[in-house]
Amino acid sequence: MDHNRTPLFDALRSHAKQNPVQFHIPGHKKGAGMDPEYREYIGQNILDIDLINIAPLDDLHQPVGVILEAQQLAADAFGADATYFSVQGTSTAIMAMIMSVCGHGDKIIIPRNVHKSILSAIIFTGARPVFLSPVRDTNLGIDHGVTTRSVRRALERHPDAAAVLVINPTYYGVCTNLKEIVDLVHEYDIPVLVDEAHGALIHFSDELPLSAMQAGADMAATSVHKLGGSMTQSSILNVRKGLVNTQRVQTILSLLTTTSTSYPLLASLDTARRQLAIRGKEIAERTVALAKSAREQVNRIPGLYSFGEELLGDEATYDYDPTKLAIHVRHLGITGYDAENWLREHYRLEVELSDMYNILCLITPGDDEESINILIEALNAMSDAYHSETNEIQEIVVKIPEIPHLALTPRDAFYGETELVPFKESAGRIIAEFIYVYPPGIPILLPGEVVSQENIDYIVDHLEVGLPVKGPEDRSVTNVKVIMEETAIS
């Protein structure tokens with residue numbers, strides 16, 4: 001295929017150049033009906049291509065023209081049999097992926113440290129999750145991948161599972177032995193779904209881990225906007241034929257997707273694919289080199305540590321993506337949240353996420369030596385500010401709660417009869433809503449699980465240091481919804 005072509009982007013520009021008289025939505029009509037200050041700020045070009053699914057521009061819900069061509073080019077670039085564009089982020093692509101193969105009562109084998117979009121799909125379908133324990137790094141305070149051993153045990157107990165889902169890479173860039181897991185699961189004729197939200201670049205360089213399609217997975221939801229150069233909220237769903245019905249995937253995506261699809265987002269996927277297909281290897285290698293240089297410099301800063309190849313060697317830490325610069329800060333005597341705020345206040349520098357013990361900085365094709373130098377300067381200054389104040393660093397044993405007992409399916413709990421109780425008094429009750437820290441959006445508790453005192457203590461610790469605990473309808477997490485309990489009649 002000719003990857004210099006951008007069929008959708010070209011069609012949009014060609015249509016805009018004809019300057020047609022528009023009697024269709026959007027009502028701003030090339031910006032004429034829009035607030036002038038906003039129009040001037042964002043520029044005319046994007047307003048000219050903010051269009052709808054008129055015949056010359058194809059329809060994402062049933063593409064037969066330029067969108068179909070753009071998706072076929074993307075499939076070729078990412079090594080898939082079919083690729084579908086998402087203008088609602090990877091969350092919708094993940095939900096479509098699961099809903100394409102799972103129905104009510106079906107089992108799906110998933111790691112416990114999944115994004116909330118996976119659990120949303122489980123609630124929508126009524127599927128029953130079978131949880132795998134990810135390998136926990138008690139030194140860094142994060143979860144890694146799952147082991148092939150744990151997948152094998154799950155399959156032996158649940159050979160009737162409808163799908164196995166794997167995160168690869170994790171938010172922090174750590175990869176499991178994906179090909180080994182795919183080969184094992186395929187022995188049971190079960191499809192492998194991959195949350196590849198943080199792996200848009202990995203397909204394009206031998207210096208990076210295997211992509212889902214290279215490993216033989218059946219579906220992978222990939223956030224092109226995170227690292228691949230498209231606009232926020234634009235993602236793709238890659239599919240391999242065989243164990244997955246591609247027509248059903250299209251149908252499910254159509255059920256979930258707005259009928260007012262964004263053409264600027266679709267065009268950004270078309271052009272991002274062109275750049276990755278033509279220059280992906282060069283771009284990825286340059287980005288990896290910058291990230292490796294940054295990591296070496298971080299590890300020379302007192303009180304800071306960024307893991308690298310020394311972490312590898314286990315099934316769950318089989319490989320890693322060096323462009324995810326995870327920086328451990330607890331030896332400065334501060335939390336990741338403190339570090340994030342300090343960098344914002346003193347250097348106008350924004351990180352991807354902070355947790356109790358780490359911050360995460362993404363090194364992308366948009367970086368250069370200048371941006372890396374600013375980051376290193378800021379981290380050195382932060383080290384000076386805190387390291388000099390601390391006489392003796394108290395070693396902290398990082399404790400992450402065990403996976404709670406799932407007493408009800410997430411769907412039954414989510415739609416069940418509930419009551420509000422004080423969160424600190426909820427131990428032993430079945431929770432009916434999510435509680436998670438976002439980012440990364442990994443639930444600590446999800447509907448249907450029994451709350452333990454350990455869960456309560458862990459969440460309260462996060463709240464007290466100011467980390468963004470989200471999910472409950474009561475945003476202060478003072479009260480939570482739990483399943484109503486029947487009292488005995490005397």
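Me: How many salt bridges does a search of the whole structure find?
Reply: This is a predicted model, where local features need pLDDT of at least 70, side-chain atom pairs count only at pLDDT 80 or more, and totals for chains, interfaces and linings use all residues. Residues are numbered from 1 along each chain as its sequence is written, and side-chain values use heavy atoms, leaving out hydrogens and water. A salt bridge here is a side-chain nitrogen of Lys or Arg within 4 Å of a carboxyl oxygen of Asp or Glu. Searching the whole structure on that basis turns up 17.

Me: Is Glu340 buried or exposed?
Reply: Glu340 pairs with Arg344 in a salt bridge (2.9 Å, N to O). Buried means under 20% relative accessible area, exposed over 50%, and partly exposed in between (1.4 Å probe, protein chains only). Arg344, at 32%, is partly exposed. Glu340 has a relative accessible area of 15%, so Glu340 is buried.

Me: How many residues apart in sequence are the parts that Glu485 and Arg429 tie together?
Reply: The side chains of Glu485 and Arg429 form a salt bridge (3.2 Å, N to O). Glu485 is in the segment after strand 19 (479-483), while Arg429 is in the loop between strand 15 (418-422) and strand 16 (435-437), so the parts they tie together are separated in sequence by 56 residues.

Note on methods
Helix = DSSP H or I, 4+ residues; strand = E, 2+ residues; numbered from the N terminus.
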